[in-house]
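Reader: I have a protein model to read. Could you take me through it step by step?

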Amino acid sequence: MTTSSSEHGVSLGMPELPAPAYPDDVRERLETDAREVIARYPDSRSALLPLLHLVQSEEGHVTRTGMQFCADMLGLTTAEVTAVATFYTMYRRRPSGDYQVGVCTNTLCAVMGGDAIFESLQEHLGVGNGGTTDDGKVTLEHIECNAACDFAPVVMVNWEFFDNQTPASAKRLVDDLIEGRVVKPTRGAPLCTFKETARILAGFPDERPGAVEASGGAGPASLVGLRLARGEAAPARVVHPRDGGPQDEAQDRAVHEPSPTEHLSSHDAPQDTSASDPTHPAGPVAEEGE
């Protein structure tokens, strides 16, 4: 690596100084954890991904010091470690917030409102993609599909799901995070900080009371194909739309009452379409060539 002149933006060809070492007490603690991780794998270099999470849990992002530590523990070059750390987006390369707020802007979430949510949060927080609020609480980013399309649009905080969001609910969410109020994911484990999440991803147990018992599997819409493949009938049902709009009496009688463990998708709710909206009729559809 080379350094550049900040004044003229010209590369001076000077080698970058070695990464500073961790303080002795920090390194000793990290080495103990790293050896526990490495022992899980027949080939030590296979432990690189969890070790990167481990060093990320120390400083909130993967620093040059962290990458040098991984290289030393695994007998790799820093170039090999850097190649992995820069490939995966879950590894942060610069300081970021206690809460990583990711808005899915992949196709389905985008058309269901993900783009509007992301735009409103940028304006509300005053940051761009990858930006962090001045208080260091929230980092905002757009993310790719998180396999929760039946709950679109989805927002994730430190990789925990917040389903069926709107611009208004997403703004309330980030305000609660900034103000330190308790925030509960739609499903999954209770929310913790990004550093704590990184340590869990490194393979260490989540010792918070009730965290392991918390569950959050796929939603009913995701499991329809599996149930049909097993020969199970897929029950027809109608649920209230997420905006809590009024339903007529016949629909109210047909509403499915979910069990305490079932989380319903807003996609199961009746949606306005051109066929049901007389003010915006679709008109006849012409066949190809007509």
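Reader: What is the average pLDDT of the protein chain?

Author: This is a predicted model, where local features need pLDDT of at least 70 and side-chain atom pairs count only at 80 or more, while totals for chains, interfaces and linings use all residues. Residues are numbered from 1 along each chain as its sequence is written, and side-chain values use heavy atoms, with hydrogens and water left out. In the chain, 74% of the residues score at least 70. The average pLDDT is 80.

Reader: Now helix α2. How far apart are its end C-alpha atoms?

Author: Helices (H or I, at least four residues) and strands (E, at least two) are DSSP runs, numbered from the N terminus. The expected span of a helix is 1.5 Å times one less than its number of residues. Helix α2 covers residues 48-59, 12 residues, so it should span 16 Å. The end C-alpha atoms agree with that, at 17 Å apart.

Reader: Why is α2 called largely enclosed, and what do its buried residues pack against?

Author: Buried means under 20% relative accessible area, exposed over 50%, and partly exposed in between (1.4 Å probe, protein chains only). In α2, 9 of the 12 residues are buried, so the rest of the structure largely encloses it. Among them are Leu48, Pro50 and His53. The buried residues pack against α1 (24-38), α3 (64-74), α4 and α7 (194-201).

Reader: Which residue just after α2 takes a positive phi?

Author: Look just past the helix end. The phi there is about 85°, and the residue is Gly60.

Reader: Which residue pairs with Glu80 in a salt bridge?

Author: Side chains of opposite charge can pair when their charged atoms come close. A salt bridge is a side-chain nitrogen of Lys or Arg within 4 Å of a carboxyl oxygen of Asp or Glu. The N to O distance for Glu80 is 3.7 Å, and its partner is Arg45.

Reader: Where do Glu80 and Arg45 lie, and how many residues apart in sequence are the parts they tie together?

Author: Glu80 is partly exposed, at 32% relative accessible area. Arg45 is partly exposed too, at 43%. Glu80 lies in helix α4 and Arg45 in the loop between α1 and α2, so the pair ties together parts whose separation in sequence is 35 residues.

Reader: Which residues are linked with Glu31 in a network of salt bridges?

Author: Glu31 meets Arg27 at 2.9 Å, N to O. Both lie in helix α1, 4 residues apart, about one turn. The network links Glu31 with Arg27, Arg35 and Asp72.

Reader: How far apart in space are Cys149 and Cys109?

Author: Cys149 is in the loop between β4 (138-143) and β5 (155-157). Cys149 is partly exposed, with a relative accessible area of 36%. In sequence, 40 residues separate Cys149 and Cys109; in space, C-alpha to C-alpha, the distance is 6.9 Å.

Conventions. Contact = heavy atoms within 4.5 Å. pLDDT = per-residue confidence, 0-100.
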